[in-house]
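My notes follow in the order in which I went through them.

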Amino acid sequence: MSPFSLSLLFLLFGASFTQFNKKCPPESSESLLDRDDVLELTQNDCDYRVVMGSNDNDPDFLDIYLEGNRAGWVAVGFSLDRAMGHSDVMGCKQDESGNVGVIDSWNGVNPSLANKIDPNQEGMCNYSSSYADGKFSCYFSRYYGVINEGFDYDLHNRYYILLGCSTTKSDLDVNFPYHQPNFPAISDSMLHPFGNGTDTASGKPTFEKRMIRAHGVLMVIAYPVLLLTAVFFAAWMKPTMPKMWFQVHRALTLASLVVSLTAFAVVFIANKNNPTPGIINLHDCGTKTTHFAFGIIAVFLHVLNPLIAIIRCKPDNPNRWIFNLVHGAGIGLLTEIIGLINIGLGAAIFQTNCATVSSTNVMLWLYIAWIVIVLGTQSFLYIYFTYKALRGEVDNAPLLVKVLLTKIIIRSSYQSLNEDTKSDPEESKADNVIRYSVLCFQLATTLIIALIMIVFIIDLDFE
């Protein structure tokens, strides 16, 4: 990799570890209780009330007002699946000495266990918190974005709202004890914290959210559309397009590289305020950690393979087969496999944000169906042309090629590993028709699934 590429990667990687630097805004000039553009929920048990709306001095902060008549704590949670697990919870609490404070915490995989307090409380702004006359009255604000990866949700999304309270007191620097009685109450539908319950006009996508959407769209274009098609031309179209396959393969590969690098940079820009983007936090959301790690590997291999192609030996070099093996069946194939797997992980994150994958994740299941179609078409080509190849004379092929092709890799053309091989069976018109037909079918299905995924990413109601 060139020094420039390494410098760019280190710059982007380092930028993602910058500290949170947003300061708490002043208290809103107009009280939440007097505004109409807020979300308000109540619960009879414990005389619970929560009101939420944007801070009028800094719209990146969500103002929250809480009331409740239990002496231990009162809190509001945000969930993607009406369950306590994987929920962002914040509220106010009282210790045994009567001191009152606010904390931000996270419910992990097992909701029966105590939740985990954020490693730091950055982004939490306590304006006034008290417990008087048997009732909490708390007013605070929280930054909308993810500050502590694995402990925060982006509040510019829709969530089920959890309403909880408890009589159990505890120190202010520890998490919320288990709720009593058997709470929480849960909203009937997903609501937008920055909206008024039904109208999300105040919850427009933020710059970071637009960047994440752009990342998803660009990666869908880079790997399923451009790189997969480039691989197809290299693997199957040589006999049919002996003079054009390489030009098409090179153009599509370079285009996919540019698009994927742009998407790679965009997601770091989107996470510029997050201390860590996920790679070192082995938190409850393993999907995000895996997606980040696979993305790093895929982009690295994607950059590496064209660089290897630049220094390849000439076609008549007796060792040319080594380059073709490493470049094509090795790094090239591995890049595409990791890239396609990571697109699936990204689809799961977009629609569930690490909640349990279910039948409602339409985008992910459509993508899996498309993967099955691609595997089916590729398997058909491998089986058909391997059968054709094995009927030809292979004595002149190098031993490694014969073993690798006939026993392990099963390719359609020995020229993919050794361009001097003259023993390939002759192509028939029927074979050409098969190649072009499968190419057109794969292009059509790929463009359809890519378009559907892009529409989901752009229009998905996950503000």
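This is a predicted model: local features need pLDDT of at least 70, side-chain atom pairs count only at pLDDT 80 or more; totals for chains, interfaces and linings use all residues.

**Sheets**

I began with the strand order and found an open sheet of 6 strands, arranged E7-E6-E5-E4-E10-E11, in which the pairing is antiparallel. At its edges I noted strand E7 (116–117) and strand E11 (185–186), each of which pairs on one side only.

**Salt bridges**

Next I turned to the charged side chains, for which the count comes to 10 salt bridges, taking a side-chain nitrogen of Lys or Arg within 4 Å of a carboxyl oxygen of Asp or Glu.

Asp88 forms a salt bridge with Arg142, and their closest N and O atoms are 2.5 Å apart. Asp88 belongs to strand E5 (residues 87–94) and Arg142 to strand E9, so the pair ties together parts that lie 54 residues apart in sequence. I checked the accessibility as well, and both Asp88 and Arg142 are buried.

Glu67 and Lys135 meet through their side chains in a salt bridge, at 3.4 Å from N to O. Since Glu67 lies in strand E3 (residues 61–68) and Lys135 in strand E9 (residues 135–143), the pair ties together parts that are 68 residues apart in sequence. Glu67 counts as buried at 13% relative accessibility, whereas Lys135 is partly exposed, with a relative accessible area of 25%.

Asp37 forms a salt bridge with Arg35, with 3.2 Å between the closest N and O atoms. Here Asp37 is partly exposed, at a relative accessible area of 39%, while Arg35 counts as buried at 10% relative accessibility.

Which residues do salt bridges with shared partners join into one network? I found Glu40, Asp47, Arg49, Glu67 and Lys135 in that network.

**A backbone angle**

I stopped at Asp133, whose phi is near 55°, a positive value in a residue other than glycine. Asp133 sits in the loop between strand E8 (124–132) and E9, and with a relative accessible area of 83% Asp133 is exposed.

**Helix contact**

Last, I looked up how helix H2 (residues 207–236) and helix H3 (residues 245–270) pack, and noted an angle of about 160° with the axes 8 Å apart. Because angles over 145 degrees count as roughly antiparallel, H2 is roughly antiparallel to H3. The crossing of H2 and H3 is left-handed. The residues of this contact divide into 26 nonpolar, 7 polar and 1 charged.

Note on methods:
Residues are numbered from 1 along each chain as its sequence is written. Side-chain values use heavy atoms; hydrogens and water are left out. Axes are lines fitted to C-alpha atoms, for helices over the stretch in contact, and angles run from 0 to 180 degrees between N-to-C directions. Helices (H or I, at least four residues) and strands (E, at least two) are DSSP runs, numbered from the N terminus. Angles under 35 degrees count as roughly parallel, over 145 as roughly antiparallel, 65 to 115 as roughly perpendicular and the rest as oblique. A crossing is left-handed if the near helix is turned anticlockwise from the far one by less than a right angle, and right-handed if clockwise. Ala, Val, Leu, Ile, Met, Phe, Trp, Tyr, Cys and Pro count as nonpolar, Asp, Glu, Lys and Arg as charged, and the others, Gly among them, as polar. Buried means under 20% relative accessible area, exposed over 50%, partly exposed in between (1.4 Å probe, protein chains only). Two strands pair if DSSP finds at least two bridges between them.
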